[in-house]
Amino acid sequence: MVQVPRSDFAEPRYSHQIHSLSAWQLKIDLRLVVSAFLLGAVIDQSFFADCDLLKSRGARQQELHERAASIALENFGRKVFIRGVIEVSNHCRENCVYCGMRRDNRKLDRYRARLDQMADLLVHHRPASVTDINIQAGEDPVIVREVVSPLIRILRRETPLGISVCLGTLNPALYRELQEAGASIYILKFEIADESDYARMKAPGTFAERIEHIHLLANSGWRVSSGFIAGLPGQSDDSLLKNFTLSRALPLDGCSVSPFIPGDDTPLSRKPAADLDLTLNCMAALRLMRPDWVIPSVSALNLTGPHGGYRRGLRTGANLVTINLTPPALRSDYVLYKRDRFIMTEQRILSAIDAEKLIPSKQGLTDYYRSNQPADPTRPSAPAATVPV
Ligand code: SF4
């Protein structure tokens, strides 16, 4: 466990630091206007979901999923990216109503992983099929400085792995530090596109800040993936559709759909989980809207559909899967993975890929992005790594 003063964890949020960068921000705003214009010319975004389609069942749903799978096949072949994920901290300064890691949850044992343990695991004991690593944590700037940045440097020096991070909304200095260490993909989910639902669910920071940071990351050389939650309690048709409108307008390279799962010891613990079919239909609709995006089949699909929800995700045009590499001793405290069927091991992943007649991609996500320019030509490419790959 890394020992750090509590005051360090409770450092001020980012917004004042962003607003002091007025010249940079102005440049970004101008870029956004130009990019919105050019983007329309580059991607055919003529497909847009409607609620009837998202709620479809039977033959119409089958056709939707088949169209999505066939578009993924056209764009990516049978290849599925395989990424390992490690959860390095379940501390979080946020208080999202739907998440068990929220700061008000006093029943959760909190941990921060040790750098040497994580480095040994990933350098010497990772599964052979993994081409990329996603380093994930609650919103915990301490772990970023103490463990994540040095870990990325070690991985870039010792392995050919591509590096993604999913660390919440940080400040520009920390984003730069991570990028200079060698990470190139930032996963920042907008979670909820409806602004009033966002506030009601106490989603991270404010809606405006979250969106501002997605733009900031994309315009400073990161490849950005985002995501939203389907089936949140109280989610109206209109608010579900707003997720598509927003994701389409953002400078993204990928997007996920996570089914709402009621977390233990949260205000929503007694609410029903999201409907699996709705979640899968949203994934298929995303694929039709953006054939070029990397779309994951998230392991939470197995909780809403214990008999193959995850495999059904691969049949809706998903092209990324994740193997959980968090050591079992820490995993039990990382709330998303308390139930055994949630744990996606290499064996389960490879069996699912094989059963769907797909194949593991030997090319990593980072390499894939490097060889495919962003759809938006005004976005900068990732800067060169500061350490050899
Ligand atoms: S969803 Fe993310 S930001 Fe919100 S409480 Fe959970 S870990 Fe923290």
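## The loop holding K357

K357 sits in the loop between α16 (346–355) and β8 (359–360); helices (H or I, at least four residues) and strands (E, at least two) are DSSP runs, numbered from the N terminus. Its phi is near 60 degrees, a positive value in a residue other than glycine. K357 counts as exposed, with 8 C-beta neighbours inside 10 Å. The scale behind that word: 20 or more other C-beta atoms within 10 Å of a residue's own make it buried, 12 or fewer exposed, and anything in between partly exposed, with C-beta atoms placed from the backbone.

Please keep in mind that this is a predicted model, where local features need pLDDT of at least 70, side-chain atom pairs count only at pLDDT 80 or more, and totals for chains, interfaces and linings use all residues. Residues are numbered from 1 along each chain as its sequence is written.

## The loop holding D265

D265 also has a positive phi, about 60 degrees, although it is not a glycine. You will find D265 in the loop between β6 and α12. With 13 other C-beta atoms within 10 Å, D265 is partly exposed.

β5 pairs in the parallel sense with strand β4 (residues 185–187) over three bridges; pairing requires at least two DSSP bridges between two strands. In this pairing, V224 of β5 is the bridge partner of Y186. Six bridges join β5 to strand β6 (residues 254–259), also in parallel, and G227 stands opposite S256 in β6. From β5 the chain passes through helix α11 (residues 237–249) to β6 in a right-handed β-α-β crossover, meaning that with the strands pointing away from the viewer, the path from the first strand over the helix to the second runs clockwise.

## The nonpolar core

The largest nonpolar core has 105 residues, and V88, V148, V165, L217, A285 and L286 have the most contacts inside it. Such a core is a set of buried Ala, Val, Leu, Ile, Met, Phe, Trp, Tyr and Cys residues joined through C-beta atoms within 7 Å. Helix α12 (residues 276–289) gives the largest share, ten residues.

Leaving aside residues up to four places away in sequence, A285 touches A49, L53, L54 and F244; contact here means C-beta atoms, placed from the backbone, within 7 Å.

Note on methods: Two residues are in contact if their C-beta atoms, placed from the backbone, lie within 7 Å.
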